[in-house]
Amino acid sequence: MISIGCTSWGDHFSLYKNVSAKDKLKVYSEHFPIVEVDASFYAVQPIKNYEKWVAETPETFGFTVKAYQGMTGHSQGEDPHFSNEKEMFEAFKESIQPLLTAGKLRAVLCQFPPWFKCERPNVERLKRCREMLGDLPCALEFRHQSWFQQDFRDRTLAFMKEQQWIHTVCDEPQAGEGSVPIVPEATHPERTLVRMHGRNKEGWVYKGENRKAVRCLYRYSEEELQEWGKRLQFLARQSEHVDVVFNNNSGGDAADNARRMIKILEIDYDGLAPSQLGFF
């Protein structure tokens, strides 16, 4: 099963006409069966937020939740919001309980920073992170190319299988050490995550203002989407579920590209919010 959606639900201009911010998730779920929560990266979300999101979405809707930045070392040091690492992980796990109770958690996405190299201390950190997340389904995304260089690629994938990490396959600009190549291989029989970041090479390494907006400013071409359609079908033969999220949100392109991919793959989703049944 291939499920296609976007990262977050607030920026998809083509989906919303005279829709208030509080109703956007409801409308979003009329079009897509999954979404990625990225607010959780910047702060551990209150339980009430997840309760609200569960209530606003169809029974079959799924959430991938991005791990809090302190959990993946983005804060580079002690986190001022928690007294220790265990407290941080426990707070995150407690926050997402409504998704677990409702059966709507697809995965916790652990995206490690671009300076997180393939080195022994970092392998140990991955083991510790996986252990602290316990039985939760966990997706791993690298942003340093060393993990998939020729000498380490096979060992990285074998390690992920051993530790039961879901592979996050990325499409992103090839812009030096802080980017990874496309590695279309599953490491978990139940699920694979695909994140479509766009191919804005100059934006990927941009260091100025509004960096986040610039790096994902990209619209996939028909040829690129067709190419990825074949990859997704290949991945679907390796994992029972393949979740695809378009992260090229900056210019409002993600939703359009995601809808086009659904048509390319000729998918007709059951269980979307009522007003879009039969939309595709």
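Me: Why does Tyr220 count as buried?
Reply: This is a predicted model. In it, Tyr220 has 4% relative accessibility. Buried means under 20%. The value of 4% is under that cut-off, so Tyr220 counts as buried.

Me: What makes Phe61 and Phe63 an aromatic pair?
Reply: The structure holds 13 aromatic pairs. In the pair of Phe61 and Phe63, the rings are 5.1 Å apart, centre to centre. Rings pair if their centres lie within 6.5 Å. The value of 5.1 Å is within that limit, so these two rings pair. Both residues are buried.

Me: Why is the pair of Tyr218 and Tyr220 called edge-to-face?
Reply: Look at the planes. The angle between them is 80°. Planes over 60 degrees apart count as edge-to-face. The angle of 80° is over that cut-off, so the name edge-to-face applies. The centres of Tyr218 and Tyr220 are 5.3 Å apart.

Me: Which residues form one aromatic cluster?
Reply: Phe112, Phe116, Phe142, Trp147 and Phe148 do.

Me: Where does the charged end of Arg231 sit?
Reply: The charged end of Arg231 sits over the ring of Trp228, 4.8 Å from the ring centre. The distance limit for such a charge is 6 Å, so 4.8 Å is within it. Lys66 lies over the face of Phe41, at 4.7 Å from the ring centre.

Me: What makes the barrel?
Reply: 8 strands close into it, in the order β1-β2-β3-β4-β5-β6-β7-β8. The pairing is parallel. On average, neighbouring strands of this sheet are turned by 25° against each other, direction ignored.

Me: Why do β4 and β5 count as paired?
Reply: Strand β4 covers residues 105–111 and strand β5 covers residues 138–141. They are joined by 4 bridges. Two strands pair with at least two bridges, so β4 and β5 count as paired. Leu109 stands opposite Ala139 in β5.

Me: Which strands does helix α11 lie across?
Reply: Helix α11 (residues 254–264) lies across β1 and β8, running at about 170° to β1. Helix α6 (residues 120–132) lies across β4, β5 and β6, at about 120° to β6.

Me: How many residues has the largest nonpolar core?
Reply: The largest nonpolar core has 73 residues. Those with the most contacts inside it are Ile4, Tyr28, Phe63, Leu133 and Phe246. Helix α11 gives the most to this core, with 6 residues. A second, separate core has 7 residues, including Ile34 and Leu109.

Terms used
Residues are numbered from 1 along each chain as its sequence is written. This is a predicted model: local features need pLDDT of at least 70, side-chain atom pairs count only at pLDDT 80 or more; totals for chains, interfaces and linings use all residues. Side-chain values use heavy atoms; hydrogens and water are left out. Rings of Phe, Tyr and Trp (its six-membered ring) pair if their centres lie within 6.5 Å; planes under 30 degrees apart count as stacked, over 60 as edge-to-face and the rest as tilted. Buried means under 20% relative accessible area, exposed over 50%, partly exposed in between (1.4 Å probe, protein chains only). A charge sits over a ring if NZ of Lys or CZ of Arg is within 6 Å of the ring centre and within 35 degrees of the ring normal. Axes are lines fitted to C-alpha atoms, for helices over the stretch in contact, and angles run from 0 to 180 degrees between N-to-C directions. Contact means heavy atoms within 4.5 Å. A nonpolar core is a set of buried Ala, Val, Leu, Ile, Met, Phe, Trp, Tyr and Cys residues joined through side-chain atoms within 4.5 Å.
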